[in-house]
Amino acid sequence: MADHYETLGVSREASPEEIKKAYRKLARQLHPDVNPSPEAAEKFKDVTAAYDTLSDPQRRQQYDLGDAGGAGGGFGFGDIFDAFFGGQGSRRGPRSRAQRGQDALVRVDLDLAEVIFGTHRDIEIATAVRCETCEGSCCAPGTSPTTCSTCGGAGEVTRQVRSVLGPVVTSSPCGVCQGYGTVIEHPCDTCHGQGRVRSQVTLPVDIPAGVDTGLRLHLPGQGEAGAAGGAYGDIYLEIRVREDETFTRDGDNLLATIEVSMVDAVFGTTTTLPGVDGDIELEIPAGAQSGDVLTVRGRGVTRLRSPIRGDLDVTLQVRTPTKLDHKQKDLLKQFAERDKHPLTPGLIKDQPGLFSKLRGKFGR
C-alpha cells in the first residue's frame, strides 16, 4: 500500500492547510470530469483515500503510529492495547457516501422602502442540485452499488501481524472501495457518480419588514445538494441597505433635516416632505429655531416581526439670508436695535406690528 504522504506529495510534518492544498491540486488534475483515463481514475481513488485519512486528525494520528516503521506496515499502540486485552482492532464499519451539502452566504441589497414594508425577491444563485438522472444514487439508471469483494462490505480490511506481545489484529479502510463497503461499477453519466450537478437556480425569498444591514436570514435546506443523496446545506441571506438621499435610520425611527427660511421660522408655515410612502405634511411653528425637531408619529421603519412603525424625526435648519437689498438691511437693523434691550411681557404685547412689517417686506 502506497504511503499516503507520498501519494499527496507532502511531508509527514505537513499542516492541515498544506494537505488540503495538495489534495485540491491533484484532484483538479485527476478528477474524471477532467481526465477520463483509467489510470487517472485509479490515482484519483488513491489521492482521495489518502486525503480522507490525513484530513481527519484522529485517523492521521493512528496512521502515523501504525506506519512509524515504514509505509503501509507496522501497527499502532492502540492495536497493541486491543490485542493485549483480547480485542480485534477498532472496527468502524463502512462509511456513508452521502455527505451534507455546503452552506452558502448570499448578499442582498435593499432600498429603504423595501426595508419599511418588506419585499419579495427571486434570487439567482449558482449551486449544486441533486442529479435528476440518478436521483442522487450516483449510479447509472437500472444499476446499483455492488458489495466490495475485497472487504465484503465492511469498508475496512483486517490483518494479523506478530509482535512481542503475540498476534495483533489491525484494521484499515479498504483501498478498493475507499471505506464505503460498496463499489459503483456503472456511475451515472450525467453527474459522473457524484449524485449532484452544478446548476443556476432561482430562489424565491420573502424578506420581512424591519431588517437592517448586517442581519442574516437563515433559510434551512436551501443550500447545496449533498453528495450521493446527502442532505442539503443552508443559505444565509446577508442584508445590506442602500443609503437614502433624504432619510437616515436610527433603530425603528427615521431621521431627516430640512432647511427653513428665516422668515418662515419667524412666522411659521406648512411644508411638504416627500416620503417613501407618500407626502408628509409638516407644520413649522412660529419662532422655530435651528435644531428644533418635529416628530411625525408612525412614519418610521416597521419594527421587525411587528406591524408597529417607528417615528420620523425632522430636524429644522434655519437658513440665514445672504443677499439683502438696502431696505431689507435697514429693517433688520431696526429689529436688531429693538432686540438689544430685554423686553418685558408688556412691551411684547404693545409691539405687535414689528413682525408684520418684516413679513410684508420680505414676503413668504
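Entry 1, helix 2 and helix 3. I looked up the handedness of their crossing in this predicted model: helix 2 and helix 3 cross in a left-handed sense. I then took the geometry of the pair. Helix 2 covers residues 16–30 and helix 3 covers residues 38–54. The angle at which they pack is about 165 degrees, and their axes lie 10 Å apart. Angles over 145 degrees count as roughly antiparallel, and helix 2 and helix 3 are therefore roughly antiparallel to each other.

Entry 2, the contact. I listed the residues on both sides. Helix 2 contributes Ile19, Lys20, Tyr23, Leu26, Ala27 and Leu30. On helix 3 they meet Ala40, Lys43, Phe44, Val47, Thr48, Tyr51 and Leu54. Sorted by class, the contact of helix 2 with helix 3 has 10 nonpolar, 1 polar and 2 charged residues.

Is Leu54 buried or exposed? Its relative accessibility is 3%, so Leu54 counts as buried. Leaving out residues up to four places away in sequence, I found that Leu54 touches His4, Tyr5, Leu8, Ile19, Arg60 and Tyr63.

I noted 10 helices and 15 strands. The protein has 364 residues, of which 35% count as buried. Among contacts with a separation of 6 or more, 66% join residues 24 or more positions apart. The accessible surface comes to about 22000 Å², and carbon and sulfur atoms account for 51% of that surface.

Notes. Residues are numbered from 1 along each chain as its sequence is written. This is a predicted model: local features need pLDDT of at least 70, side-chain atom pairs count only at pLDDT 80 or more; totals for chains, interfaces and linings use all residues. Side-chain values use heavy atoms; hydrogens and water are left out. Axes are lines fitted to C-alpha atoms, for helices over the stretch in contact, and angles run from 0 to 180 degrees between N-to-C directions. Helices (H or I, at least four residues) and strands (E, at least two) are DSSP runs, numbered from the N terminus. Angles under 35 degrees count as roughly parallel, over 145 as roughly antiparallel, 65 to 115 as roughly perpendicular and the rest as oblique. A crossing is left-handed if the near helix is turned anticlockwise from the far one by less than a right angle, and right-handed if clockwise. Contact means heavy atoms within 4.5 Å. Ala, Val, Leu, Ile, Met, Phe, Trp, Tyr, Cys and Pro count as nonpolar, Asp, Glu, Lys and Arg as charged, and the others, Gly among them, as polar. Buried means under 20% relative accessible area, exposed over 50%, partly exposed in between (1.4 Å probe, protein chains only). Accessible areas come from the Shrake-Rupley method with a 1.4 Å probe; for residues, only the protein chains shown count as cover.
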